[in-house]
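User: Could you take a close look at one part of this model for me, and walk me through how its surroundings are built?

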Amino acid sequence: MARTRLAALAATATAATVALTALTGCGAADMTRQASPYADAKGSRTVTLSVQSWVGAQANVAVAQYLLEHELGYRVDTVQIDEVPAWDALSQGRVDAILEDWGHPDQEKRYVEDKATIKAGGELGVTGHIGWFVPTYFAEQHPDVTDWKNLNKYANDFRTAESGGKGQLMDGSPSYVTNDKALVKNLGLDYQVVFAGSEAAQITQIKQFAKEKKPFLSYWYKPQWLFEKVPMTEVKLPEHQEGCDADTEKVACAYPHTPLRKFLNARFADGGGDAAAFLKKFRWTTEMQNDVSLMIAEEKLAPQEAAARWVKENEATWRTWLPS
């Protein structure tokens, strides 16, 4: 399952600008017709990375950019593009790499298997999972809320002014890939999906609910640094089985656990020299990603400042990514 498709920003940006824009919830223009002029240039010492709007993906790019520039001597451009259009851009060479893909089987078949314009770049080392979550303080008071079969019992507790008399299931953006509307319908739940608008807006709402100790039910995902600030407990949906989500109109099962992967433009993968070799070897843990994400999101460090701090403290890890 794909994680999200966030609306892309209106210009090519440095990683710092991307992070600031994502965290303030701004931006909405389509970047599919734009790219770095250096992408896919033969012999170029410039790498162009696709960066998604969620802060974990920004952490990947920040560290990769820092090491490519400071250890390998490349210039790094970043372009923020919606998830599926990013595959188109990658295929055409308008970006060189995607560092965090949450699973796009249709795109993978088209570009990796059929057209051979994209190559797999290996696993990121992080496993992603989407789910429905309630605040742990509410789950401790009402333990049975963690079973989806009991959600209707709590619909009134989760009702808001925006949910039209039903319980609110808070999602991020209408552009996210999500099965939530189908799940609500197919599981017979008395809930309304309400979109916050972006990851940043959703975080703001979750923090406000938590500050006031109010109950909420939210689409959310791991890894995500917010769990360290607002403890949340997952609601168990019907067990995910292979193929249970193939028909998005009939889906009635939980989201899968997805090993996150990297993909490279095929020409770049074969001829990108040290940069391509480095990105293939780039692999870290959920904890490492969250460390950098927290610096960006909570400590308000610029992504390159966060990356510099992480690089200074984790040389034994990143040295193994450098080409021998």
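Analyst: Ser50 lies in strand S1, residues 46-50 (strands, E, of at least two residues and helices, H or I, of at least four are DSSP runs numbered from the N terminus). This is a predicted model, where local features need pLDDT of at least 70, side-chain atom pairs count only at pLDDT 80 or more, and totals for chains, interfaces and linings use all residues. Residues are numbered from 1 along each chain as its sequence is written, and side-chain values use heavy atoms, with hydrogens and water left out.

With a relative accessible area of 0%, Ser50 is buried (under 20%; exposed is over 50%, partly exposed in between, with a 1.4 Å probe and protein chains only). Not counting residues up to four places away in sequence, Ser50 touches Val61, Val79, Ala86, Val95, Ala97 and Ile98, where contact means heavy atoms within 4.5 Å.

Turning to the cores: a nonpolar core is a set of buried Ala, Val, Leu, Ile, Met, Phe, Trp, Tyr and Cys residues joined through side-chain atoms within 4.5 Å. The largest has 87 residues, of which Trp132, Phe278, Leu279, Trp284 and Trp310 touch the most other members. H2 gives the most to this core, with ten residues. Leaving aside neighbours within four places in sequence, Leu279 has contacts including Val47, Leu49, Ala64, Leu68 and Ala97. A second, separate core of eleven residues includes Val79, Ala86, Trp87 and Ala89; Val79 and Ala86 are also among the residues that Ser50 touches.
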